[in-house]
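Thank you all for coming. I would like to walk you through one model this morning, going from a single side chain out to the whole chain.

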Amino acid sequence: MGIIPQIEFSTDPELAYSRGLISRLRRRKLYRFAAEQILDPEAARRFPDKVEPQQIVTCSSGKLRENDIIVQDLKIDYGFKDRNPVDQILFYDRWDDKAGKTIPACRVSMLIADRYEERILRVYARDPSKQDDLREAFNTFTAQNHLCSAAPQSAKRPRLATDTAQVPSSSRKRTLSTALDAAAGPTAHRPADQPTPDAPGSPII
């Protein structure tokens, strides 16, 4: 029998808390995910230690307690922390299999990423009713501590008087007619009773 069934069916009082956790898992009563933030390199250097729940509680205006929050401070890399793992690999020429050498990035591709580690903060609420309060407090915490550089907002193109949504239908027709006349060149200024040589129905001379 595995360790989980042994705990689940045990009557040992010391395992009561563990049995409660397993029961929550069985009934899918999981802690609610509230928010996450990827730290940029500068923020990761300013926060070398793990973020604690108490730091987020201070941004909740008294709505949260430390026990309400679970903080997951996660680092993901390729096994060499902030170093490129390919730099640690030796490559061999087919005509010389005894002398290994590394390959610089400039000989592979200039599109290779220059960051090989990232740090992610995730917060979970033990009480589902406090999920929104935790999300708001976490967003306040990340904003106050500048944990991520703000993405530049794309400048909106100012509306012009010629935009279709603001120009009346009659004006659009006149504008289109003027544009066609300008594209037609000198023929646009012929008298009304003088047919255009290439116009349909005109006599061929």
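Let me begin with a question: which side chain does the side chain of Asp-73 join in a polar contact of 2.8 Å? Before I answer, two remarks on the source. This is a predicted model, in which local features need pLDDT of at least 70 and side-chain atom pairs count only at pLDDT 80 or more, while totals for chains, interfaces and linings use all residues. Residues are numbered from 1 along each chain as its sequence is written, and side-chain values use heavy atoms, with hydrogens and water left out.

The partner is Arg-119, whose side chain is joined to that of Asp-73 at 2.8 Å; by a polar contact I mean a pair of N or O atoms within 3.5 Å, where, within protein, one must be able to donate a hydrogen and the other to accept it, and residues adjacent in sequence count only if both atoms are side-chain atoms. The side chain of Asp-73 also reaches the backbone nitrogen of Val-51, at 3.1 Å. Asp-73 sits in strand β2, residues 69–77, where helices (H or I, at least four residues) and strands (E, at least two) are DSSP runs numbered from the N terminus. Asp-73 counts as buried because its relative accessible area is 15%, and the cut-offs are under 20% for buried, over 50% for exposed and partly exposed in between, with a 1.4 Å probe and protein chains only. Leaving aside neighbours within four places in sequence, Asp-73 is in contact (heavy atoms within 4.5 Å) with Asp-49, Lys-50, Val-51, Arg-119, Ile-120 and Leu-121.

Now to the largest nonpolar core, which has 19 residues, and in which Ile-56, Val-123, Leu-134, Phe-141 and Leu-147 touch the most other members. Such a core is a set of buried Ala, Val, Leu, Ile, Met, Phe, Trp, Tyr and Cys residues joined through side-chain atoms within 4.5 Å. Two or more residues each come from β1 (32–39), α4 (53–57), β5 and α5 (131–144), and α5 gives the most, with four residues. Not counting residues up to four places away in sequence, Ile-56 touches Ile-69, Val-71, Val-123, Leu-134, Ala-137, Phe-138 and Phe-141.

A word on the cysteines: the structure holds zero disulfides (pairs of cysteine sulfur atoms within 2.5 Å). Cys-59 is buried, at 14% relative accessible area, whereas Cys-106 is exposed, at 59%.

Finally, the whole chain: it has six helices and five strands, and buried residues make up 20% of its 205 residues. Of the contacts in the chain with a separation of 6 or more, 65% come from residues 24 or more positions apart.
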